[in-house]
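These are my notebook entries on what I looked up in the structure shown below.

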Amino acid sequence: MQHRSFWLREIAGDAPDAPPLSGAARCDVAIVGGGLVGLWTAIRIRQHDPACDVVVLEQDICGGGASGRNGGEVLSWWAKAGTLVALAGREEGIRVARASEAAISEIEAFCSVNGIDAEFNRGGYLWTATTAAQLGAWDSTVALLDDLGVQPFQRLAPTEVARRAGSAVHLAGIFDASAATVQPAKLVRGLRRVALQLGVRLHEHTRVTELDRQSPAVLRTASGALTSDRVVIATNAWAGSLRELQRRIVAISSDIILTAPAPDRLDEVGWTGYEAISDSQMMIHYYRRTASGRVMFGKGGWGIALGGRIPTSFDRHPGRAGDVASNFRRIYPTLADVPIAADWSGPIDRSAHGLPIFGHLGGREHISYGVGWSGNGVGPSVLGGKILASLALGLDDEWSASSFVRARTKALPPEPIRYIGAHVVRNGVVRMERALARGEKPRALDARLARLAPAGIIPKKG
Ligand SMILES: Cc1cc2nc3c(=O)[nH]c(=O)nc-3n(C[C@H](O)[C@H](O)[C@H](O)COP(=O)(O)OP(=O)(O)OC[C@H]3O[C@@H](n4cnc5c(N)ncnc54)[C@H](O)[C@@H]3O)c2cc1C
């Protein structure tokens, strides 16, 4: 049986599974993937056009993918301002960044209106440096935002950063007050409930094994076939198995450990707030305190998949979890004795520039996709829902016309060159970051290899 995240196990049995697709069926819009992106899209379409017959096909259960496994850090795209402006221009880049910030409030309001207790907590985002080499990782972003006349980040005194993060290993940092944290499975399962209430038809344990791309399209599964006028691909890292998207995303793992509840210990070290925290490593560490006083500590980028095939080691990997635990203890030496209660992994759909890509599959107007969230999709998936609903319904609006949505990006190298190259680069990054964490100078070759790695949740320094 598949290893589930602690978050999903915490609410196991919240609702009976929807029945698999059986036999031949027809609909107006078929959405492949029942994660946050697919469900926001389904909800948005039904809100816009209640007569539109929407069917979601999910190979597992809704939330079984990244959406029910993530760290629960609900971030804006302000840290990505440089890439947004490069892709969409100054005005549209800022508009999209503002929309990503507004999405956080939309999640809060949606949960409140629909009675979803997702443990939403607006603690802000603390972007920190935990080694001397990470100092100033945010300088170019802050300077750009100053230049653009919009400054969501507040510079904090180093002592204040260390106090809020609960560890003196934090040397400096900046703070964006708009960010929040959630229990991710509660959020995605809440969306599932609302989608069903709005009349969305759902089939779980229903993997689309073949997509006939003619119009109308036919989505084939083990026990049925769904004919649909429009299709939305919201399959995150799994989308790499589609030939048109193979060179647009690479699937990498993100690995999480969760401690036992230790609220008193966290209070003792001064970690009393609910900030979403990250360091500035390329293989980023992201962490936060949960409502019950546990520590969630994750690391992105260790596992690399070949093509769109997601290995079972992306559900759980004891070796990678051990590395994450040792990094937790390095950054929080005073909490070193707090037991680890759970660990799990999940796939990230990394694009070349670290932001999602949207479009029509192979130029076919009736099949849209939105993939490449690159490890920051919890908040931005709200925008994904708006963009994909507009593309699927053929609307002429701020999203379908956006230069961000229409931006063309460069392709990644083909397999197996990419797989081999990614391992060489990743190993260089690992060696470099281990040396820096020990306060040593990295080898020149490793530093050169690291320069070839794509940007992730935060931009690359330099
Ligand atoms: C360990 C981890 C930690 C993360 N931490 C954060 C964080 O703290 N903050 C943040 O913003 N982001 C984080 N992310 C990323 C974030 O979870 C995603 O970007 C976000 O949930 C958007 O997900 P999605 O809907 O695109 O993908 P998913 O939730 O993965 O949904 C895609 C769905 O498609 C289904 N599917 C795939 N192929 C098929 C098929 N052929 N037929 C039918 N169904 C199919 C899958 O089963 C899956 O349920 C993290 C991700 C992981 C894995």
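I take helices (H or I, at least four residues) and strands (E, at least two) as DSSP runs, numbered from the N terminus. The model is predicted, so I note that local features need pLDDT of at least 70, side-chain atom pairs count only at pLDDT 80 or more, and totals for chains, interfaces and linings use all residues. Residues are numbered from 1 along each chain as its sequence is written.

Entry 1, helix H10. I looked up H10, residues 381-393, and then what follows it. Just after H10, Gly394 takes a positive phi of about 70°. The expected span of a helix is 1.5 Å times one less than its number of residues. For the 13 residues of H10 this gives 18 Å, and the end C-alpha atoms are 18 Å apart, which agrees. I call a residue buried if 20 or more other C-beta atoms lie within 10 Å of its own, exposed if 12 or fewer, and partly exposed in between, with C-beta atoms placed from the backbone. Twelve of the 13 residues of H10 are buried, so the helix is largely enclosed by the rest of the structure. Among them are Lys386 and Leu388.

Entry 2, helices H3 and H5. I fitted axes as lines to C-alpha atoms, for helices over the stretch in contact, with angles from 0 to 180 degrees between N-to-C directions. The axes of H3 (residues 81-88) and H5 (residues 139-148) come within 9 Å and cross at roughly 55°. Two residues are in contact if their C-beta atoms, placed from the backbone, lie within 7 Å. H3 contributes Ala81, Gly82 and Val85 to the contact, and H5 contributes Ser140, Thr141, Leu144 and Leu145.

I found Thr209 in the loop between strands E8 (201-203) and E9 (210-212). Thr209 counts as exposed, because it has 10 C-beta neighbours inside 10 Å. Leaving out residues up to four places away in sequence, Thr209 touches Arg220, Thr221 and Ala222. Thr209 and Leu388 are 179 residues apart in sequence and 22 Å apart in space, C-alpha to C-alpha.

Most residues other than glycine have a negative phi, and most peptide bonds are trans. Asn236 has a positive phi near 50° and is buried, with 29 other C-beta atoms within 10 Å. Ser374 has a positive phi of about 55°; it lies in the loop between strand E18 (367-371) and H10. A cis peptide bond joins Ser215 and Pro216, with omega about -5°. The bond from Glu415 to Pro416 is also cis, with omega near 0°.
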